[in-house]
Amino acid sequence: MKSGLHKSRFFVIATLAVLLTSVCLMAAATRRDSEARKKARYYFTAGSVAKAAGNDDDAFEFFKKAYAADPTYAEAANAYGTMRLALPMDTFQSDTELDRSLAMMRRFVDEFPEDTYEAQYYGYVTTQLGEWDEAIRVLERTADLKRSASGAFVQLSEAYANKGDLKMAVDALSRYERNEGLNPQVTMRKLSYLLSDKDTLGALREVTRLHLSDSTNVAYAIMKGNVFDIIANRDSALYYYSLAERLDPESGQAKLALADFYRQGNDSVAYDSKMYEVLLSEDLELDTKLDLLAQYLQSLILGKQDTERGDHLFTVVREQYPHEPRLLDLASRYSAAKMDFADACEQVSYAIDLDPKNSTYWGQLMTYQAADDHPEESMKTFERAKKHIVPDETMLIYYSMVAQQAKEYDVAADVYRGFIDSIQPGLPLDSTLTLSMLRRDITADQLDRLSQLIATLGDIYHEADRNDRAYRMYDNALTFNPSNAMAANNYAYFLCTDGGDLDKALELSAKSLAGTEANNPTYLDTYAWIQYLKGNYGVAEEYQAKALEEMAKQPYPSAELYLHNGDIKLKLGKNEEAIESWQKGMKIFEDNGTTDSDDYKKLKEKVESLEKGKK
């Protein structure tokens, strides 16, 4: 009995001890949790103060410490996660770290769903990161809890649309309208979703609802016309565009809608007439008119149409704004496009008189003077400009180009010597350079820049017939950057055309094609031409064909490639193909209106000579 009683009491006491220990441990944990939360609150408060004062770096560190002290503290987790998202560092922008930041923010929005602002911000972030289901989950909950939170419906529409559920995107916007009423911006968004979903009936229903809400509103009538235009119901589109103009005969927007309608229908007479009215309208800003006029004039130039139509419309705007420098600048560009460089110079000079601090206008004047074959005048313009502006690098480069055109090669070279000196002062450019001559803290980008600048100096000296000096520049450029493809190509091409070492030229040309410029048509042409000069006509033909193939992918063809191709074909006995290639080269000059050039005459002589030989 005693023994059994003893055991029973021992069991009870042991059990109580275990329970007591557990209670003590729980109490200790509670005290620790309380201390952790207290510490977290301290850091969170400090972070909030720093954030309010605009000290984001300090705020970030305080929020980070708050989160580390108590990761379960939702406010700290949200603040830390939000700031992590804004840091541009790669360590915080990886998919893994972005997910971690979102998880920190998720704790808060789930614990405090009634905080509409944070929920909508979280919805915005998740939408931007492509987490559309998560955005929808939180935003739908927000909308249900607080139906007056209309912004949530707009965000929901974006999330649904990004997910590809356009019907739900439209539904979310309809829910917004039930709160806020009709809104033309919301209707526009609904129309984009409905038309993307090919729901033309739904689109017409929505735009009609908006139009009927205010049948006197010009913008609503135009919007309805736009929908009919999109679904190719041109008669109805014209009706609503005309209705908009009847509602407000002075409306520039209504006239513009009609003008665009006539343009799409290729009705040039009606289009010009309506554009005339558009440009006369007073409710369109000058910038809008200039943009419209520029687009119109460009279409005439590119389409090689009668520019008298453009001249007439230009007069309309110029009479309204006779002293507007932006209009005078556009007038100068239009004249230049018509190859009337004298008038272009005159117009932009007026613009400069009105706005002498505008560097663009000075650059335009230099361009027109050089294009009109007056590079000396262009150089004088540069000197005049310096009294009003500080020329930027682009203007200096152009100054160097016109100096070359004027055969002022030392002036042209001095520009680039100045660029080089700004990176590495005192570099003995006319000597053989080594890397040891450079400052120790020079960056890789600066080294590459030096190589490019020195190579351009080589081009200038070669044009000046100072070949030895040019070759030294190319050697120096390649010393600083052996991968400078432009330097290698130009060096190779000039070597072969100057009657120099063809083996070295071939080696340099191959180097230019070894990297990212492997498909550069100009560099391929150089390699093919060197092979031609070495008598390797089959290899030359192969590479020249590739050069022409790559050139066809670019907007501006080169007649020189067709000249070389014809010469290669001739050596291979393919006379018809040679003539065809030379004629393609001639057409480039003819399309550009430069048939007075020596290269055009050379191509023409080759064609005539070969065709005469056939007879």
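**Terms and their grounds**

Tutor: Let us begin with M339, which is found in the loop between α18 (325-337) and α19 (341-354). Helices here are DSSP runs of H or I with at least four residues, strands are runs of E with at least two, and both are numbered from the N terminus. The model is predicted, so local features need pLDDT of at least 70, side-chain atom pairs count only at pLDDT 80 or more, and totals for chains, interfaces and linings use all residues. Residues are numbered from 1 along each chain as its sequence is written, and side-chain values use heavy atoms, with hydrogens and water left out.

Student: Why is M339 called exposed?

Tutor: Buried means under 20% relative accessible area, exposed means over 50%, and partly exposed lies in between (1.4 Å probe, protein chains only). M339 has 53% relative accessibility, and therefore counts as exposed. Its phi is near 70 degrees, a positive value in a residue other than glycine.

Student: Where is A232, and what is its phi?

Tutor: A232 is in the loop between α12 and α13. Although A232 is not a glycine, its phi is positive, at about 65 degrees. With 62% relative accessibility, A232 counts as exposed.

Student: Why is S378 called buried?

Tutor: S378 belongs to helix α21 (residues 375-385). Its relative accessibility is 0%, so S378 counts as buried. Contact means heavy atoms within 4.5 Å. Leaving aside neighbours within four places in sequence, S378 is in contact with M366, Q369, A370, Y398 and V402.

Student: What makes S157 count as buried?

Tutor: S157 lies in helix α8 (residues 150-163). At 0% relative accessibility, S157 is therefore counted as buried. Its contacts, apart from neighbours within four places in sequence, are A169, A172, L173, R189 and Y193.

Student: How do you know that the span of helix α29 agrees with expectation?

Tutor: The expected span is 1.5 Å times one less than the number of residues. Helix α29 (residues 537-551) has 15 residues and should span 21 Å; its end C-alpha atoms are 20 Å apart, so the two values agree. Its buried residues are A540, E541, Q544, A547, L548, E550 and M551, and they pack against α28 (521-533) and α30 (559-571).

Student: What span does helix α11 have, and which of its residues are buried?

Tutor: Helix α11 (residues 200-213) has 14 residues and reaches 20 Å from its first C-alpha to its last, close to the 20 Å expected. G202, A203, L204, E206, V207, L210 and H211 are buried in α11. Their cover includes α9 (166-180), α10 (184-196), α12 (218-230) and α13 (234-247). An α-helix has 3.6 residues a turn, so residues three or four places apart point the same way.

Student: How does the radius of gyration of the protein stand against that of a compact globule?

Tutor: The radius is taken over C-alpha atoms, and the globule rule is 2.2 Å times the number of residues to the power 0.38. For 615 residues a compact globule would have a radius near 25 Å, but the protein has 37 Å. Its C-alpha trace spans about 135 × 75 × 55 Å along the principal axes.

Student: How many helices and strands does the protein have, and what share of its residues is buried?

Tutor: The protein has 32 helices and zero strands. Of its 615 residues, 44% count as buried.
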